[in-house]
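Please look over the model below before reading my points.

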2 protein chains.
Amino acid sequence: MREVVIAGVGIHKFGRYQDKTFEQLGQEAVRMALRDANNMSFKDVQIAFCGHMHGGTGAGHRVLSGIGLTGIPIVNVETACASGATALQQAANGIAAGLYDVALALGVEKMPRGFMRMTSFPEWQMLSGLGVNPVGFALRATRHMALYGTTEQQLARISEKNHRNAVHNPYAMYQKAISAEEILNSPIVCYPLRLLMFCAPNEGAAAAILCSRDVASKYTGKPVTVAAVHTGVARYGTSQSASGIGDIGLSTRIQNTEITVALSQQAYETAGLGPEDLSLVELQDTDSASEIIFYEELGLCPPGEGGRLIDEGRTERDGDIPVSVSGGLLSKGEPTGASALGQIFEVTLQLRGDAGPRQVPGARVGLCHVTGAGGNAAVTILKR
Amino acid sequence: MREVVIAGVGIHKFGRYQDKTFEQLGQEAVRMALRDANNMSFKDVQIAFCGHMHGGTGAGHRVLSGIGLTGIPIVNVETACASGATALQQAANGIAAGLYDVALALGVEKMPRGFMRMTSFPEWQMLSGLGVNPVGFALRATRHMALYGTTEQQLARISEKNHRNAVHNPYAMYQKAISAEEILNSPIVCYPLRLLMFCAPNEGAAAAILCSRDVASKYTGKPVTVAAVHTGVARYGTSQSASGIGDIGLSTRIQNTEITVALSQQAYETAGLGPEDLSLVELQDTDSASEIIFYEELGLCPPGEGGRLIDEGRTERDGDIPVSVSGGLLSKGEPTGASALGQIFEVTLQLRGDAGPRQVPGARVGLCHVTGAGGNAAVTILKR
């Protein structure tokens, strides 16, 4: 298996863009990635994978037809909130196997109106009020509070940290610091989670150009190695076959989401690295409680000690294991198909030392984690 | 790169099934493929790729949650009419590269109402009447008639042959012989193409379980080797970026569809085989003229001689290069995401010698070809 590196990354700022098409969002990210890869010609790209959730038929084809008509295979891939990571994985696998030297992984999303309904929660969940994401997140949060004594103050501190980090990220939707007090005074959506403890579904795009180490010097002076990328579906994530995928979210959220534990262990093993080697982590902080729970599931601390991690400031940008230095989903928002590659964008800049005022000094290894609807999840480890 | 073989195949008869869900169609094909692979346990499958065009978010997850909850990565892939071939390709690549030993490729489709409109033809094409498939097919047919003297009789003979073949295929939607005279007396849809010269968009599913040659003996006594699978997008297939994908079909249909020529040449080279080695071919006979044109583009005869091939009976089941012995799309119909794997199902049975009354005696090598919306295309070569 050949070593795979990231030659270039690009992004379209996450936000809401009524005046822009799906294609325009994606094209901006791809053009930026090509420029970033030493002005690579699109002719050098041998295959493209486009992750999206709501882009419709031919999503990647429509985006890339505005970049170049080169006749390469364009494969649209969908694994819900992990779609961008699946695009990255398929691109990396093809290069590792020697099938291609250069591959593009792209993620794009424009959220349709009423998309919460589109996730097809079963009728009983809708009627019971369980059929929307915040309810599942809140159940998971209260369970963590009951088991481990996690506090509302800790939840507020997570959101405070991530919003403070985002002030320095020009690609985040919200670039405004918010105090823990403001967060604790914001309206309750579903106890214990308040409005300012949630990420916003939004729009955007991100792209990464991958190549084999052998040809990397042509495109970049600062190659970042894809040390591991593992994807999977929560075992009990798809427990009601004919009812759509919404029920998954719920069932996996109430339980321990074993899939994150399993995939991170696989990724550490593949990379030959452990949690102690990580310089930074970007994870699926769709809400404050999720960040605390994923600290534990990713092995950053033992089970039940996630709250202490934020209390002790260890996941701050200047802590020993910075988490969500980009501002996380809480500040960037979550354009589902693009989200995972947005994390790859951030960690690539960090490992190159190019993250400006939000740089984690001396970053050498970064982990990206996504999970969501359909029980889909992915863990990627990058290193310089 | 490791040798990849087909361990099992399954299908849900193509047709129209108002009383069955998308999930049920897919599950029937997967269960049949598992049974066919020596009653393989679904636990042995390490990754699944689900090709579909209109299945919505989590399509493969919804299907496979009814088969088993094993936590494997499930990747939904979409390349329009080539989606099933892309699923096959990604599964084969992963095995060839040593990432997996056993992978599932699945294709499923339920056609939505009004799907022709969903392909997003640009407004000018709709207004001009060019915005529906039969018009593009007819333009391509008349061009072939003008250039090479192809006749209406030859077009009728293609459809007559394929419907005659389908009488012996229990998985075809239409299993009824139709005479050339009936076909020539059927209503003109768009000159020169008549109602009985078109395939029907419909529903169905097909699946193939792939494994490395090393483990094949556990699952099958008649392994069929995936000798080559190449996919791509027509260079001028996506010429109007923001307008959707429909325009592609039109532009590629009026021109020579270079993509079929390119991919078949690549596939012959990869397989170390040529057109003269083929025992049978399944191709994209969405209409009678397409079959004649693809004879030429796949190298079965020189340009312009496709009409002669049918006149001389060479593509009949007892000819020297049988084409569409399954009945082709003209008799089976085209459930877009499933169509390519339906061809793989047929050719696998043929190469095993298990095709019953439609068996091509002594079949050793088969080629499958799909192309369509988005300029997507694929050529696969299987051998025993």
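The numbered points below are my notes on this model.

1. This is a predicted model: local features need pLDDT of at least 70, side-chain atom pairs count only at pLDDT 80 or more, and totals for chains, interfaces and linings use all residues. Residues are numbered from 1 along each chain as its sequence is written, and chains are lettered from A and ligands numbered from 1 in the order in which they are written.

2. For the complex, the predictor gives ipTM 0.90 and pTM 0.93.

3. Helices (H or I, at least four residues) and strands (E, at least two) are DSSP runs, numbered from the N terminus.

4. Strand 3 (residues 74-78) of chain A pairs with strand 3 of chain B, antiparallel, over three bridges (pairing needs at least two DSSP bridges). V77(A) sits opposite V77(B).

5. Within chain B, the axes of helix 7 (residues 152-166) and helix 11 (residues 288-297) come within 8 Å and cross at roughly 95°. Axes are lines fitted to C-alpha atoms, for helices over the stretch in contact, with angles from 0 to 180 degrees between N-to-C directions. So helix 7 of chain B is roughly perpendicular to helix 11 of chain B (65 to 115 degrees).

Notes
Angles under 35 degrees count as roughly parallel, over 145 as roughly antiparallel, 65 to 115 as roughly perpendicular and the rest as oblique.
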